[in-house]
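Here is a friendly tour of one structure, told in running text. Have a look at the sequence and the model first, and then read on.

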Amino acid sequence: MLNHYLLLIYRNFVRAKSYFLINLAGLATGLACTLLIYLWVRDEYRMNKFHALDERLFQVMEHQQYADEIMTTTSTPGILAETLKEEYSEIQFAATTTWINDFNLSVKDHNVKAKGYYVGEDYFRMFSLNMLQGDPAQVLKDKMSIVISRDLAIRLYGTDENAVGKTVEVQHDKSFNITGVFDGTPSTSSFQFDFVLTFELFKDDNQWVTHWGNNGPASYIVLREGVDPAEFSNRIKDYIKGKEKDSHVTLFLQKYSDRYLYGAFENGQPSGGRILYVRLFSIIAVFILLIACINFMNLATARAARKAKEVGIKKSIGAQRRSLIFQYMSDSMATAILSLVV
């Protein structure tokens, strides 16, 4: 019986080629658009969620009070993270990071362009980047150390094996000792880089980051288990004012993995961010799929009138209502499945 239905479906396809191709093209296009949007939306929701300490990983943010507005920024004093860790036992790890820049790395006469930035000592204990060589707790202990990605090691030395212990020159200025190799940054990370240097070295070369009145770097903390983020955020609210009397800055915590989608603020209040685009495209995907389905049903309904004679003949020779329903449902399902494949 199944072979019979398949044969009927094939004959219907051959008999009404234009109808079949129009239906196939319309439904396939709608499904393709919907699936592409779904894949993009899924990746947006997965961004920065891969860190093992995600539930306790936060970025320290600032509200800067001005005469007529409140400006929210990720820039903080360069010594904020380490000072918070020293003064609050609720913090397990803390790290400061600068901004990602393009650097020139060289090994003898071999030069390579790569992206990197300066990070605090706890960085690899906070962020889950698979360490292939080196101890995450020790790789940034030495001020003149550098941790590189597997891909960068191959570009520099032709292989990623035994990279630890080798030296590389940065900006044709200083030589650094490779203390670790990580497996690169996942595609679901909002920060893409090839290597990191120590923030302690950055402080030596940029003394302005040690002053409470200067902003620039970003500060990240990992709270200990059981600590209430909202309560702790309220505790450190006026922390900067305690360090600098004339400061108009208040601090608050935002979950690190939420920053990507919920990074917009207006006058000190959350106002969405990329999540607005995610929701908009999700609605668009639903409407595209709905339009494709309506178009599919309209074409099927228009063609059903032509099948009245066929239905009458089949019923007159004993065909049951159930078998007729199954036949036409099979016809529609076959078209839908083929559209999905296309």
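Asn-267 is partly exposed, with 44% relative accessible area; here buried means under 20%, exposed over 50% and partly exposed in between, using a 1.4 Å probe and protein chains only. Asn-267 sits in the loop between β13 and β14 (269–270). Although Asn-267 is not a glycine, its phi is positive, at about 55°. Gln-171 is another non-glycine residue with a positive phi, of about 60°. Its place is the loop between β8 (167–170) and β9, and Gln-171 counts as partly exposed at 41% relative accessibility.

A word on the ground rules: this is a predicted model, in which local features need pLDDT of at least 70 and side-chain atom pairs count only at pLDDT 80 or more, while totals for chains, interfaces and linings use all residues. Residues are numbered from 1 along each chain as its sequence is written, and side-chain values use heavy atoms, with hydrogens and water left out.

**The chain as a whole**

The chain has 11 helices and 14 strands, where helices (H or I, at least four residues) and strands (E, at least two) are DSSP runs numbered from the N terminus. Of its 342 residues, 43% count as buried. Contact means heavy atoms within 4.5 Å; among contacts between residues at least 6 apart in sequence, 70% join residues at least 24 apart.

Ser-149 gives a local example. This residue belongs to strand β7 (residues 145–149) and is buried, with a relative accessible area of 3%. Ser-149 and Phe-195 are 46 residues apart in sequence, yet their C-alpha atoms are 6.0 Å apart in space. Setting aside neighbours within four places in sequence, Ser-149 touches Val-181, Phe-182, Gly-184 and Asp-194.

**Aromatic rings**

What describes a pair of aromatic rings? The distance of the centres and the angle of the planes do. Rings of Phe, Tyr and Trp (its six-membered ring) pair if their centres lie within 6.5 Å; planes under 30 degrees apart count as stacked, over 60 as edge-to-face and the rest as tilted. By this rule there are 23 aromatic pairs. Two of them are set out here.

| Pair | Arrangement | Centre to centre | Angle between planes |
|---|---|---|---|
| Phe-191 and Tyr-256 | stacked | 6.5 Å | 10° |
| Trp-212 and Tyr-239 | edge-to-face | 6.0 Å | 70° |

Phe-191 lies in the loop between β9 (174–182) and β10 (195–198) and Tyr-256 in the loop between β12 (249–255) and β13 (265–266), so their pair ties together parts that are 65 residues apart in sequence. Phe-191 is partly exposed at 29% relative accessibility, whereas Tyr-256 is buried at 4%.

One aromatic cluster takes in Tyr-117, Tyr-123, Phe-124, Phe-127, Phe-182, Phe-191, Phe-193, Tyr-220 and Tyr-256.

**Inner spaces**

On a 1 Å grid over the protein atoms alone, a cavity is a set of points where a 1.4 Å probe fits but cannot get out, and a pocket is an open set with protein on both sides within 12 Å along at least five of seven lines; lining residues have an atom within 4 Å of a point. Grid points are joined across faces, edges and corners, and a volume is the space filled by probe spheres set on the points.

The structure holds 2 cavities of 30 Å³ or more, and the largest cavity has about 80 Å³ of space. It is lined by 13 residues, and Tyr-117, Tyr-123, Phe-127, Phe-191 and Tyr-256 lie nearest its centre. Its lining has 9 nonpolar, 4 polar and no charged residues; Ala, Val, Leu, Ile, Met, Phe, Trp, Tyr, Cys and Pro count as nonpolar, Asp, Glu, Lys and Arg as charged, and the others, Gly among them, as polar.

The largest pocket holds about 320 Å³ of space. Among its 18 lining residues, Glu-82, Ala-94, Gly-120, Glu-121 and Glu-200 lie nearest the centre. The elements giving two or more residues to this lining are α3 (80–87), β3 (91–97) and α6 (199–205), and α3 gives the most, with 4 residues. By class, the pocket lining has 6 nonpolar, 3 polar and 9 charged residues.
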